[in-house]
Amino acid sequence: MSGIINISTLAVSASGKKKIIITGGGTGGHIFPAIAIGKALQAANPELEILFVGAKGKMEMEKVPQAGYNIVGITIAGFNRTSLWKNWKLPFQLLAGFNEVRQIFSRFRPSAVVGVGGYASFPVMRYAQWKGIDTYIHESNSFAGKSNIILGKKAKAIFVATKGMEKFFPAERIVISGNPVRREIENNLLPQAEAFKTFGLKEGLPIVLVMGGSLGARSINEAIAQNLSTLSDHVQLIWQTGKNNADHYATVAALYPAVYVNQFIYQMDAAYAAADIIVSRSGAMTVAEVCMAAKAAILVPFPHAAEDHQTANARYLTDQQAALLMPDKDAATELVPLIIQLAHNKHLREDLGKAAGSLAVHNTAQTIAQYILTHSYA
């Protein structure tokens, strides 16, 4: 049975069995790659024992067990950049987290540790490096986070999505792997004519997939909500609002039959297959999925992301004419006109989609798994 395991009840693993810890989370952009890597590792070696370590109260504590894996939560929180006084607990949380990590390692005895980013990743990876255990990093963004930069100095390999990461990590240990995309999206063969029926839409006007993330992208959602009457003359919408104000957006959209709205979309393979245009933030995994889907996209980077990494992710595509970029500050007035313009320019949509598709990297999770198994268990 998979689920959340307390450290005190974590069974002591047999010393001869091959074991790997995968650590990190906080957002889908960290969790889904972690799960994909875990599945690829076990597909390559069914005897391998895998344990996930996440942060208590974070999304991974729900999503990892749903994927069929055990997870242990540790006490950890991130640095609060907006209210510095709120960080007074951080040293105590770090001490508690490191003590919990020590207990996990003494019971599970991993042969290697894979970090994907997120609060839990740093203490787990740091402890593994102190103990001389092989560590591997997956850096999904085009601009590396500070924790991964520190950990990369002692990591055995750093898997990255794009070229040019030598400014963050030792060049000789960089492996350009791409970002692991969910299997159902990478292997998506659903015809568009079937996909849009999933959302109650009809053949005719172009379909725009609007994604607000798990909580919701306020600038994107507000621009859509305030212009539904105009948009409905030009496009159909699959609108994933996220949790924040979801009821309000559902009420507003109820007046328009060519709008499917929900705070979360479970059938993302169908959503990508149905879409002619994608409007979204530019988290690393979204960018990877846009490329895998080979669709035209308007990316609206979250302006407060650490090191402004979402803008760097978006520019990786826009620099290669593979997407359009809309600054968050301009979304209220300029996003909807750009959507309408792109909806009426089939040639541009095809060019953007083709360019995005050329940047897709396939079988990433398998590449990462094979590298780890070869170099840690040779």
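Analyst: A residue is buried under 20% relative accessible area, exposed over 50% and partly exposed in between, with a 1.4 Å probe and protein chains only. The model is predicted, so local features need pLDDT of at least 70 and side-chain atom pairs count only at pLDDT 80 or more, while totals for chains, interfaces and linings use all residues. Residues are numbered from 1 along each chain as its sequence is written, and side-chain values use heavy atoms, leaving out hydrogens and water.

User: Why is Asp328 called partly exposed?

Analyst: Asp328 has 21% relative accessibility.

User: What makes the contact between Asp328 and Arg281 a salt bridge?

Analyst: A salt bridge needs a side-chain nitrogen of Lys or Arg within 4 Å of a carboxyl oxygen of Asp or Glu. The N to O distance for Asp328 and Arg281 is 2.7 Å, so the pair meets the rule. Asp328 is in the loop between β13 (324–325) and α14 (331–343), and Arg281 is in the loop between β11 (277–280) and α12, so parts 47 residues apart in sequence are tied together. Helices (H or I, at least four residues) and strands (E, at least two) are DSSP runs, numbered from the N terminus. Arg281 has a relative accessible area of 14% and is therefore buried.

User: How many salt bridges does this rule give?

Analyst: The count is six. One of them joins Glu289 to Arg182, with the closest N and O atoms 3.0 Å apart. Glu289 is in helix α12 (residues 284–293) and Arg182 is in the loop between β7 (174–176) and α6 (183–186), 107 residues apart. Another joins Lys156 and Asp134, at 3.2 Å from N to O. Lys156 is in the loop between α5 (146–152) and β6 (157–160), Asp134 is in strand β5 (residues 134–139), and the two are 22 residues apart. In general, side chains of opposite charge can pair when their charged atoms come close.

User: Are Glu289 and Lys156 buried or partly exposed?

Analyst: Glu289 has 5% relative accessibility, so Glu289 counts as buried. Lys156 has 31%, so Lys156 is partly exposed. Asp134, the partner of Lys156, is also in the partly exposed range, at 22%.

User: How do you know which strands stand at the edges of the sheet?

Analyst: Two strands pair if DSSP finds at least two bridges between them. The seven strands form an open sheet in the order β3-β2-β1-β4-β5-β6-β7, with parallel pairing. β3 (71–74) and β7 each have a single partner strand, so they stand at the edges, with one side of each left without a neighbour in the sheet. The twist averages 20 degrees from one strand to the next.

User: What makes β2 and β3 a pair?

Analyst: Four bridges join strand β2 (residues 49–55) to β3, and the rule asks for at least two, so the two strands pair. Ala55 has Ile74 in β3 as its bridge partner.

User: Why is Leu51 called buried, and which residues does it touch?

Analyst: Leu51 is in strand β2. Its relative accessible area is 2%, so Leu51 is buried. Contact means heavy atoms within 4.5 Å. Leaving out residues up to four places away in sequence, the residues touched by Leu51 include Ile21, Val72, Ile104 and Phe108.

User: Which residues lie nearest the centre of the second largest pocket?

Analyst: They are Ile35, Lys39, Arg182, Arg183 and Glu184, out of 23 lining residues. The volume of this pocket is about 540 Å³. α1 gives the most to its lining, with five residues.

Notes. Axes are lines fitted to C-alpha atoms, for helices over the stretch in contact, and angles run from 0 to 180 degrees between N-to-C directions. On a 1 Å grid over the protein atoms alone, a cavity is a set of points where a 1.4 Å probe fits but cannot get out, and a pocket is an open set with protein on both sides within 12 Å along at least five of seven lines; lining residues have an atom within 4 Å of a point. Grid points are joined across faces, edges and corners, and a volume is the space filled by probe spheres set on the points.
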